[in-house]
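Please keep the sequence and the structure in view while reading.

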Amino acid sequence: MPRIYLSSPHMGGDELSLIQEAFAQNWIAPLGPHVDAFERELAGYVGVGHAAALSSGTGAIHLALRMLGVQRDDEVICSSLTFSASANPIVYEGARPVFIDAERATWNMDPALLAEELERCARHDKLPKAAIVVDLYGQSADWDPIRAACARFDVPIIEDAAEALGADYRGKRCGTFGKLGVFSFNGNKIITTSGGGMLVSDDEALVKRARFLATQARDPAPHYEHSTIGFNYRLSNISAAIGRGQLRVLDARVAARRAVFERYRQALGDLPGVTFMPEAPFGRSTRWLTCLTIDGRAFGASREDVRLALAAKDIEARPVWKPMHLQPVFRECRAVGGAVSADLFARGLCLPSGSQLTTVEQDEVIDIVLACRRAR
Ligand SMILES: *Cc1c(COP(=O)(O)O)cnc(C)c1O
C-alpha cells in the first residue's frame with residue numbers, strides 16, 4: 001500500500017486549462033488576470049468586499065498586523081491552540097503575543113477568558129493592539145461573545161480562517177468576522193494553489209494598502225520610488241489559476257472531508273475513551289482534519305500507541321497542535337489559562353482526512369485503531 005497522508009492536494013479538473021490560458025497569454029508572472037479574478041471570486045464566495053491574493057497565509061497575517069498599526073512592544077492576543085504561523089508574525093513586528101486558552105466546546109479561544117483578560121488589561125491601561133482568533137481545524141470560533149468583548153475595548157480582530165475556508169457561523173462564512181480575515185492555500189489545506197494566501201476585508205482602503213505593501217511598496221512614479229518598507233508577498237498568476245480551479249470544487253471538498261469525519265465517527269465513536277472533536281451547534285465546520293482525543297486508560301492504548309501503530313503501516317497521523325504557550329520559542333510570553341489546550345494536545349490525534357482518501361484507505365486506518373484496542 002502507498003503511504004496514506006494526513007491531507008494531500010486534490011486537483012479539481014479545471015486547473016490545467018486555466019494554467020494553459022495563462023501560458024497562452026504569457027501571464028506567467030508577476031500578477032495578471034487570474035490574480036484579479038481569484039480575488040474577486042474568493043471575495044464573492046465568502047461574502048466580503050475585498051481580497052488581496054498573497055504568497056502565503058503567514059504573509060497575510062503579517063500584513064494584517066501592519067494594517068492595524070501593530071508596533072514594537074505592543075501586545076497582541078492570540079489563540080494558544082493553533083499552528084505557529086498564527087503567532088510568528090506578531091514577533092516579526094517586535095510585538096508580544098499573549099496566548100489565550102481554548103474552550104472545550106469548540107477547541108477555539110475561550111470567550112470568557114478573553115473578556116477577563118481584556119478587562120484586566122483595561123484596568124492596567126494597557127490594552128492589546130489586536131487579537132488574532134483562529135477557527136481551528138475548520139471550526140468557527142464563537143464569534144458573538146468574542147466580537148462583543150473586543151468591541152467593548154476597541155480591540156480589532158484578525159480572523160485566522162486558514163483552516164476554515166467554506167465553514168460558517170450562524171449562516172455567515174468564516175473569514176468575515178474580524179476587521180481582516182486570512183485564508184491559506186498551502187498544500188495541505190482544504191484547497192491549494194501549491195502555496196498562497198488571501199487577506200480579506202470589507203474595508204477597501206486596508207486591502208489596497210495590503211496590495212501596495214505586498215508589491216514592494218512602489219509609490220506611483222515612472223522610476224522606482226519608495227517612501228515606506230515593502231514586502232514581496234504577492235501571489236503569481238499561475239498559482240492564482242490553480243486557485244480559481246480549486247475554488248470551483250471547494251464545496252465538494254468540504255463535503256468530502258465532512259464525510260470522512262462521519263465515517264470515522266461511525267466506526268470509532270462508540271469506543272470507550274474515544275471522543276471526537278465536537279461541532280458547535282452555531283456553525284458548520286469544514287472538518288479540515290478529523291480530530292479525536294484518546295483517554296489511554298479507558299481505551300486501553302494511548303494516543304501515542306495509536307499514532308505509532310499507524311506510522312508503522314506508513315499512515316501519517318499527527319498529535320493535535322502543540323499549544324503556543326508550551327512552545328520553547330514562546331516560553332517568555334504571557335499566557336492566560338492553558339490547561340484545556342495542553343490536555344487536547346496530550347490526548348488529541350489527527351487522522352488522515354484528505355478529500356481524496358478512499359474508503360479502502362480509511363478502513364485500513366480504522367482497522368489499525370481497532371486493533372490497538374484489542375491488543376491491550
Ligand atoms: C496553515 C496555517 C497558517 C499559515 O498559512 P501558510 O499559507 O502555510 O503560510 C496560519 N494559521 C493556521 C491556523 C494554519 O493552519
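Predicted model: local features only at pLDDT ≥ 70, side-chain atom pairs only at ≥ 80, totals over all residues.

Side chains of opposite charge can pair when their charged atoms come close.

How many salt bridges does the structure hold? The count is 22.

## Overall form

The protein has 13 helices and 15 strands. Along the principal axes, its C-alpha atoms fill a box of roughly 70 × 60 × 35 Å.

The radius of gyration is 21 Å, which agrees with the value near 21 Å for a compact globule because that value is the one for a chain of 376 residues.

## Two domains

The protein is divided into two parts: domain 1 covers 15-249, and domain 2 covers 251-374. Domain 1 gives 46 residues to the contact and domain 2 gives 39 residues. The C-alpha centres of the two domains are 26 Å apart.

The size of an interface is often given as the accessible area lost when the parts come together. Between domain 1 and domain 2 the buried area is about 3700 Å². Carbon and sulfur atoms give 61% of that area.

## Pairs across the interface

Which kinds of pairs link domain 1 and domain 2? Three salt bridges cross the interface of these domains. There are also 27 residue pairs in polar contact between domain 1 and domain 2, counting pairs with both residues at pLDDT 80 or more.

Several elements of domain 1 each supply at least two residues to the side that touches domain 2. They are strand 2 (75-79), helix 4 (88-92), strand 3 (96-100), helix 5 (111-123) and strand 6 (168-169). By class, that side of domain 1 has 24 nonpolar residues, eleven polar residues and eleven charged residues.

Elsewhere in the list of salt bridges, the side chains of Asp343 and Arg104 meet at 3.0 Å, N to O.

Conventions:
Residues numbered from 1 in each chain as written. Heavy atoms only, no water. Domains from an automatic or database assignment. Contact = heavy atoms within 4.5 Å. Buried area = accessible area lost by both parts, 1.4 Å probe. Salt bridge = Lys/Arg side-chain N within 4 Å of Asp/Glu carboxyl O. Polar contact = N/O pair within 3.5 Å; in protein donor to acceptor, adjacent residues only side chain to side chain. Helix = DSSP H or I, 4+ residues; strand = E, 2+ residues; numbered from the N terminus. Nonpolar A, V, L, I, M, F, W, Y, C, P; charged D, E, K, R; others polar. Rg over C-alpha atoms; globule rule 2.2 N^0.38 Å.
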